[in-house]
Amino acid sequence: MERLLEMRDQKRYRDIIDEIPYAKLMGVEFAEDDAGELLFSLPFDPKNVGNTTLPALHGGLIGGFLENAAMLHLIWNRESLETPKIVDFSLDYLRSGRAQTLYARCAITKQGKRVAHMLIEAWQDDPARPVAVARAHFLLQTS
């Protein structure tokens with residue numbers, strides 16, 4: 001965690017992704033936008049297609065992308081040397097993701113000393129038309 005926090009402070013986004021094998025395998029990218037908010041992206045890659053007939057992104061890939069975005073968002077916004085542990089992840093809404101880049105934003109909706117609740121939204125063309133909406137609950141370790 002100390003290395004991740006150091007990379008965060010230096011805004012070494014790619015290096016942070018390289019430390020998380022599943023995020024690296026999927027091809028997750030992230031950076032801060034002009035307002036300082038994290039924006040996650042999953043550039044289209046043919047290996048991420050689950051339904052070749054449409055073609056559409058694999059639903060499990062979309063869920064994994066959202067879960068990784070939530071974890072990274074929480075790490076980015078906390079000053080802790082402990083890794084948060086996900087205890088619950090649920091998709092409220094999921095539709096087919098087309099064969100194009102997927103974007104996501106996260107929001108911490110409630111954070112206490114031991115638990116954090118998050119909302120994650122993903123879209124492709126228009127943030128007002130989500131591909132997926134999910135909620136995640138994390139256990140926060142106390143030092």
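Author: Let us begin with the lining of the largest cavity, which by class has six nonpolar, no polar and one charged residues. Please keep in mind throughout that this is a predicted model.

Reader: Which residues line the largest cavity?

Author: The lining of the largest cavity is made by L4, L5, R8, I16, L72, I75 and W76, and the elements that give two or more residues to it are α1 (2-9) and α4 (59-76). Since Arg counts as charged, R8 in this list is the charged residue of the lining.

Reader: What makes this space a cavity, and how many cavities are counted?

Author: A space is called a cavity because a 1.4 Å probe fits there but cannot get out. By the rule used, the count comes to one cavity of 30 Å³ or more, and about 50 Å³ of space lies in the largest cavity.

Reader: Why is the other kind of space called a pocket, and what lines the largest pocket?

Author: The word pocket is used for an open set of points, so it is set apart from a cavity, where the probe cannot get out. The largest pocket holds about 160 Å³ of space and is lined by M1, L4, I20, Y22, E67, N68, M71, I75, T83 and I86. Its largest share of lining residues, four, comes from α4, and by class the lining has seven nonpolar, two polar and one charged residues.

Reader: Why is D9 called exposed, while R8 is called buried?

Author: The relative accessibility of D9 is 57%, and exposed means over 50%, so D9 counts as exposed. For R8 the value is 8%, and buried means under 20%, so R8 counts as buried.

Reader: How do you know that D9 and R8 form a salt bridge?

Author: The closest N and O atoms of D9 and R8 are 3.2 Å apart, and the cut-off for a salt bridge is within 4 Å, so the pair qualifies.

Reader: What makes K11 and E32 a salt bridge, and why does the pair tie parts together?

Author: In this pair the closest N and O atoms are 2.4 Å apart, which lies within 4 Å, so K11 and E32 form a salt bridge. K11 lies in the loop between α1 and α2, whereas E32 lies in strand β1 (residues 29-32), so the pair ties together parts that are 21 residues apart in sequence. K11 has a relative accessible area of 44% and E32 one of 25%, and because both values fall between 20% and 50%, these residues are called partly exposed.

Reader: Which side chain does D125 meet in a salt bridge, and is D125 buried or exposed?

Author: The side chain of D125 meets that of R98 in a salt bridge of 2.3 Å, N to O. D125 lies in the loop between β7 and β8 and R98 in the loop between β5 (85-94) and β6, so this pair ties together parts that are 27 residues apart in sequence. With a relative accessible area of 59%, D125 is exposed, whereas R98, at 32% relative accessibility, counts as partly exposed.

Reader: How many salt bridges are counted by this rule?

Author: By this rule the count comes to 10 salt bridges.

Key
Residues numbered from 1 in each chain as written. Predicted model: local features only at pLDDT ≥ 70, side-chain atom pairs only at ≥ 80, totals over all residues. Heavy atoms only, no water. 1 Å grid on protein atoms, 1.4 Å probe; cavity = no way out; pocket = protein on both sides within 12 Å on 5 of 7 lines; lining within 4 Å. Points joined across faces, edges and corners; volume = space filled by probe spheres on them. Buried < 20%, exposed > 50% of the residue type's maximum accessible area, 1.4 Å probe, protein only.
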